[in-house]
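User: I am new to this structure and would like to go through it by question and answer. Please show it first.

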Amino acid sequence: MKSSGTLSLFYGVLLFTVIWVVASEIFAMRLTGTIVNKFMSIGLIILVILFQDQIKRFLIDIGSQDRWKKLRRFFKHEKNEEDEGRHARIMAIVYACISMSKSKTGALICLQRSVPLTDYEKTGDIIDADVNMRLIENIFFKNSPLHDGAMIIARTRIMSVGCILPVSHDMNIPKELGLRHRAALGMSQMTDAICVVVSEETGKISVASNGTLQRELSGPDLEHLLSSAAI
């Protein structure tokens with residue numbers, strides 16, 4: 001709730017509940033208690049409406065297939081080609097980001113985890129291609145018609161490019177950060193995706209996840225972050 005900006009709303013609900021208990025139980029204020037009781041009788045429905053995104057994300061996270069896959073591999077002691085393929089994809093992204101960092105080529109790459117990003121994929125151009133270092137660099141090349149917007153990598157493929165992501169309106173974001181960083185933060189607040197940003201102005205690499213932004217990362221730092229995440 002803190003990362004999605006609904007923590008203040010939760011405190012408001014908590015304060016309303018305290019007022020209800022104090023008015024109806026402690027001070028026995030019958031009229032006030034009766035009015036508040038009417039609201040509390042439909043309180044569960046209101047809470048579901050207010051926190052539907054958080055509840056959805058929580059349930060998706062519990063039922064994530066990645067969790068079950070890890071559990072199955074633990075008991076079966078599996079180490080198959082899937083792990084090697086995952087490492088190859090991560091290194092393709094890392095090498096591409098390092099190369100774009102040196103040339104100060106702006107980029108925004110969104111990596112799907114347990115929450116599906118299908119709706120965001122539809123905002124861009126579907127390409128459904130293998131994760132390849134040269135392809136990533138060519139897409140974000142300044143003269144490429146697809147370099148604006150975000151690249152979404154899901155289901156081991158580059159699914160869509162030029163995608164529109166939700167922008168974070170957090171007032172604590174440093175002023176020097178541009179729209180790419182705000183979009184990365186907004187996406188990490190709305191979903192559990194990991195967003196990699198290469199700054200066009202400075203060439204520095206940043207990663208947004210769970211509503212937080214880690215800045216000025218090196219190649220090994222980026223590799224460690226992506227390898228430790230379920231992508």
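User: Which handedness does the crossing of α1 and α2 have?
Analyst: In this predicted model, local features need pLDDT of at least 70, side-chain atom pairs count only at pLDDT 80 or more, and totals for chains, interfaces and linings use all residues. Residues are numbered from 1 along each chain as its sequence is written, and side-chain values use heavy atoms, with hydrogens and water left out. A crossing is left-handed if the near helix is turned anticlockwise from the far one by less than a right angle, and right-handed if clockwise. For α1 and α2 the crossing is left-handed.

User: Are α1 and α2 parallel, antiparallel, perpendicular or oblique to each other?
Analyst: The axes of α1 (residues 7-26) and α2 (residues 30-41) come within 9 Å and cross at roughly 140 degrees. Axes are lines fitted to C-alpha atoms, for helices over the stretch in contact, and angles run from 0 to 180 degrees between N-to-C directions. Angles under 35 degrees count as roughly parallel, over 145 as roughly antiparallel, 65 to 115 as roughly perpendicular and the rest as oblique. The two helices, α1 and α2, are therefore oblique.

User: How many nonpolar, polar and charged residues are in the contact of α1 with α2?
Analyst: Phe16, Thr17, Trp20, Ala23 and Ser24 of α1 meet Thr32, Gly33, Val36, Asn37, Phe39 and Met40 of α2, where contact means heavy atoms within 4.5 Å. Ala, Val, Leu, Ile, Met, Phe, Trp, Tyr, Cys and Pro count as nonpolar, Asp, Glu, Lys and Arg as charged, and the others, Gly among them, as polar. The division is six nonpolar, five polar and no charged.

User: How many helices and strands are there in the chain?
Analyst: Helices (H or I, at least four residues) and strands (E, at least two) are DSSP runs, numbered from the N terminus. The chain has ten helices and seven strands.

User: Is Leu177 buried or exposed?
Analyst: Leu177 is found in the loop between β4 and α9 (179-190). Leaving aside neighbours within four places in sequence, Leu177 is in contact with Leu213 and Arg215. Buried means under 20% relative accessible area, exposed over 50% and partly exposed in between (1.4 Å probe, protein chains only). With a relative accessible area of 9%, Leu177 is buried.

User: What is the relative accessible area of Ser209?
Analyst: Ser209 is found in strand β6. Not counting residues up to four places away in sequence, Ser209 touches Ser188, Ala193 and Ile194. Ser209 is buried, and the relative accessible area is 13%.

User: What is the phi of Lys104?
Analyst: Most residues other than glycine have a negative phi. Lys104 lies in the loop between α6 and β1 and is partly exposed, with a relative accessible area of 39%. Lys104 has a positive phi, near 55 degrees.

User: Where is Glu216, which has a positive phi although it is not a glycine?
Analyst: The phi of Glu216 is about 55 degrees. The place of Glu216 is in strand β7 (residues 212-217).
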